[in-house]
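Here is a briefing on a single structure. Please read it beside the sequence and the 3D view.

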Amino acid sequence: MPQFDNPLIVQSDRTLLLDVHAPRAKECADALIPFAELVRSPEHLHTYQLSPLSLWNAASAGFTSEMAVATLEDFARYEVPQSVVMWMQETALRFGKLRLVPGPVMEEGGQKVPYLYLVSNSPYVYKEIGANPFAKKMLRDCEYQPPADDSGVELSDVEKSFCFLLPLTDRGTVKQNLLKIGWPVKDDVPLVDGEPLDIVLRKTTLSGKPFAIRDYQEAAARSLIGDGRPGTGFGTIVLPCGAGKTIVGMNIMAHLRTNTLIVTTNISAVHQWIGELLDKTNLTREQVAEYTGEEKLIKPVTVATYQILTWRPDKEGPYPHFSLFRNNNWGLVIYDEVHMLPAPVFRVAAELQAVRRVGLTATLVREDGCEGHVFSLVGPKRYDVPWKELERERWIASAECVEVRIDLEADKEIEYAIAGARIKHRLASENEKKLQVVQELVERFPQDKILVIGQYIGQLQAAASLLHAPIITGKTPNTERDRIYADFRSGVIKVLVVSKVANFAIDLPDASIAIQVSGSFGSRQEEAQRLGRILRPKERLSRFFTLITRNTVEEDFGANRQKFLAEQGYSYRIMRYVDSSSLDELMEACMIEGVK
């Protein structure tokens, strides 16, 4: 019987329509997060999609297909199509059909070479894999022989009958290739222990503030560490910007107590990590090193940048700094902002399959479609929490998003009409009328700390000059960046203009307004990260203004950028800017306190 009060319509094409006005709609949206992906979110009906990767991520975190089907049946307005139920069950069951387990150590060329077994509990899967061209190059049929040492991994008689042999060094590459053909691998090879290191979290920080791990931060760490048995100790943790992903990383370090390599996005983030480690753990400066373009030291805890790891003297040559991954007995690798993991690092991540590893991110969205690489090489999603849930608990700031649409300058209309796609985007992005709106917004919020963020350096320099504000770009020396960030945190400066170098891993806790003047086409993760700059907990409501040129490609790119935030429950108020009175009307509509 139809349940007309229920909010969810499940369709046979595996799309889910959520009626946002129905009772239990918010409860349903939260329940879908572990296993479904939001595709569209207009005013009344939100569209979700079931995908193999979303179900495999759920399965790896212990969220079974039975639980997913039960969720759909609980919220469904009409009967869930049997074809969808069958597809979910069969797709989720693919996770676990293939397992990696310890294999023998063989003598080759005078050296001992470790091997792994890829085993299957299905003769049909075994035959399908064996017929694949990549498998013929990288896998070989074999008879199972128990490894000399007890690995703690149990195999069924069926799995022992259907197994391949592969070198340990091909572990990650094989997992990548199998995922591409629709067979995720459950990696049950025990991880090696690194060099022990005594790491303890402080109860009071060096700055004298009380410090305690929040419940969700502990749950995130526990989800990765598990019970220590094979199949645990690696994966990805997804938390909103401002929710303390750095603290989750430090908590994992304190649980594992081992030498740790941390890789992050830029030198400012490196310094931020080091500052947090010294402030909130018992580690001393002698135990923590920076490995960047400025300083290259290796200590029990080393913090490096993706840029230094992917640097090489020439385009065809080797990456000399990849040796960092092997130059210390690491027991843990932390990939900060793992959604930014550069393609060359995937290569070395494929080799580092025996080390405990964690990816930290606010969103697993990648515009290059490489979410599957993160799943295979760093690890599946182990923990996720809705942004709005943490907002309700006041762990992150409440935020309002406003899209301000501005007319294109009249003298640019013909140039825009005949331009190619990339030039159209740039002309719309650098609309000079945006600077007037930026100035008016800054003047209306004298009590706030404001970030002006954009893509194009010339536009940002013009904004900085107009606002008499400092600017940080990729060319700003790191010592100057750190000084400006410190002045912004302390309140010496109230307005800061930043390029995309500030998109990630920068902690500016008192920033309460961000004005986005231009962006990287339709990048969803960039939009989420830029909102994240203003989500550190605070008493003030945070506001995110994004400036869009009307009737241009920017409108379409803007709509795409907003998709991930819409999934998290954020909506955009849209207004058209004609003159300063437009902003006055906006302030009145938003009931912004203290602005008349």
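R24 is partly exposed, with a relative accessible area of 31%; partly exposed lies between buried (under 20% relative accessible area) and exposed (over 50%), using a 1.4 Å probe and protein chains only. The model is predicted, so local features need pLDDT of at least 70 and side-chain atom pairs count only at pLDDT 80 or more, while totals for chains, interfaces and linings use all residues. Residues are numbered from 1 along each chain as its sequence is written, and side-chain values use heavy atoms, with hydrogens and water left out.

**Loop residues**

- R24 sits in the loop between β2 (15–19) and α1. Helices (H or I, at least four residues) and strands (E, at least two) are DSSP runs, numbered from the N terminus.
- The phi of R24 is near 70°, a positive value in a residue other than glycine. Most residues other than glycine have a negative phi.
- N551 also has a positive phi, about 55°, and is not a glycine. Its loop runs between β22 (542–549) and α22 (553–561). N551 counts as exposed, at 57% relative accessibility.
- M340 belongs to the loop between β14 (332–336) and α13 (343–351). At 29% relative accessibility, M340 counts as partly exposed.
- M340 and K180 are 160 residues apart in sequence. Their C-alpha to C-alpha separation in space is 20 Å.

**Aromatic rings**

- How many aromatic pairs does a search of the whole structure find? The search finds 11. Rings of Phe, Tyr and Trp (its six-membered ring) pair if their centres lie within 6.5 Å; planes under 30 degrees apart count as stacked, over 60 as edge-to-face and the rest as tilted.
- F35 and F63 form a stacked pair, 5.5 Å centre to centre with 15° between the planes. This pair links distant parts of the chain, 28 residues apart. F35 is in the loop between α1 (25–32) and β3 (37–40), and F63 is in the loop between α2 (52–60) and α3 (65–75).
- Are F35 and F63 buried or exposed? Both F35 and F63 are buried.
- One aromatic cluster is formed by Y126, F162 and F164.

**Charges over rings**

- The charged end of K424 sits over the ring of Y416, 5.2 Å from its centre. A charge sits over a ring if NZ of Lys or CZ of Arg is within 6 Å of the ring centre and within 35 degrees of the ring normal.
- K449 lies over the face of F488, 5.8 Å from the ring centre.

**Helix packing**

- α2 and helix α14 (residues 371–378) pack at about 25°, with axes 11 Å apart. Axes are lines fitted to C-alpha atoms, for helices over the stretch in contact, and angles run from 0 to 180 degrees between N-to-C directions.
- α2 and α14 are therefore roughly parallel. Angles under 35 degrees count as roughly parallel, over 145 as roughly antiparallel, 65 to 115 as roughly perpendicular and the rest as oblique.
- In α2, L53, W56 and N57 meet E371, G372 and F375 of α14. Contact means heavy atoms within 4.5 Å.
- Helix α18 (residues 433–444) packs with helix α19 (residues 457–467) at about 40°, their axes 10 Å apart. α18 and α19 are therefore oblique to each other.
- The α18 side of the contact includes K434, L435 and V438. The α19 side includes Q459, A462 and A463.

**A covered helix**

- Helix α21 (residues 524–532) is mostly covered, with 8 of its 9 residues buried. Among them are Q525, R530 and L531.
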